[in-house]
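Dear colleague,

Please find below the structure that I am handing over to you. My notes on what was found in it follow directly after.

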Amino acid sequence: MRVISGFINNSALLNRPINFIALIVLVFFCVTGIYAASCDFNKLSNLAKQRYGDEAYQDVVELQQLINQLKTATEAEKLKQINDFFNRKINYAEDIDLWGKSDYWATPLEAIGRQAGDCEDYSIAKYVFLKVLNVPNDKLRLTYVRAELNFDGIRTVRAHMVLSYYPTPQSTPLILDSLKPEILPASSRTDLTPIFSFNDKGIWVGSSSKPKGEATSHLSKWLDVLTRMQADGIE
């Protein structure tokens, strides 16, 4: 991923609109459980080679080696290495340009295979493989935010997704982001305003520490990407 002054060097991100009605609908209709605690890397790497070629295959092999190396690492090291891996392997691209759809949630295999994705794709991949590394689900939330961007003196506010990590339930979360490579506490990311977050346990609104409700399963982009990940060997 090309980064200039801490930001992705891709002006297409400036065209990503905030549709808060769609975000609220997403809360109720797109949230279900991800139970990614293991990965069949033989299957994943074979599919990578069949669908995308040798480079994707080598990237999956590299990811497997990284996972093996991190099995006994601290959670802080797992966060750093997984964040760095996907920020390096995925280049930012708009869904309409990559998939011909206005909103598409890619599996980690698709993102690695295309070497491209948008903010949801970075966040989902990081979430999944931190769970593969046995980082507790209760510490991880996929978080929609308002992101204040400044390119060449032009300030823009756009919808964005990050992965939040909570060392304890009451802690200020650490933010794993595709916009800025450094993992920072949310208190240092004044450019981000949380809208809602979710994992397979519940839904949180804003910066509340208490879930608004239970996450439920529906036919949605989230359920669809989960099903496709399972078919790829991620369970």
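**Overall composition**

The chain contains eight helices and ten strands. Please bear in mind that this is a predicted model. Of its 235 residues, 52% count as buried. The accessible surface of the chain amounts to about 11000 Å², and carbon and sulfur atoms contribute 50% of that area.

Six strands make up an open sheet, with antiparallel pairing, in the order β8-β7-β6-β5-β9-β10. Its edge strands are β8 (184-185) and β10 (203-205), each of which pairs on one side only.

Within this sheet, β5 (residues 140-151) and β6 (residues 154-165) run antiparallel and are joined by twelve bridges.

**Aromatic rings**

How many aromatic pairs are there in the model? The count comes to six aromatic pairs. W99 and Y104 form an aromatic pair of the tilted kind, with 4.7 Å from centre to centre and 40° between the planes.

Are W99 and Y104 buried or exposed? W99 has a relative accessible area of 19%, and Y104 has one of 12%. A residue counts as buried when this value is under 20%; therefore W99 is buried, and Y104 is buried as well.

There is also an aromatic cluster, formed by F41, F85, F86 and F129.

**Charges over rings**

Two further residues place a charge over an aromatic ring, as described here. K49 lies over the face of Y57, at 5.2 Å from the ring centre. The charged end of R141 sits over the ring of Y166, and the distance to the centre of that ring is 4.1 Å.

With kind regards

Definitions and conventions. Residues are numbered from 1 along each chain as its sequence is written. This is a predicted model: local features need pLDDT of at least 70, side-chain atom pairs count only at pLDDT 80 or more; totals for chains, interfaces and linings use all residues. Side-chain values use heavy atoms; hydrogens and water are left out. Two strands pair if DSSP finds at least two bridges between them. Helices (H or I, at least four residues) and strands (E, at least two) are DSSP runs, numbered from the N terminus. Rings of Phe, Tyr and Trp (its six-membered ring) pair if their centres lie within 6.5 Å; planes under 30 degrees apart count as stacked, over 60 as edge-to-face and the rest as tilted. Buried means under 20% relative accessible area, exposed over 50%, partly exposed in between (1.4 Å probe, protein chains only). A charge sits over a ring if NZ of Lys or CZ of Arg is within 6 Å of the ring centre and within 35 degrees of the ring normal. Accessible areas come from the Shrake-Rupley method with a 1.4 Å probe; for residues, only the protein chains shown count as cover.
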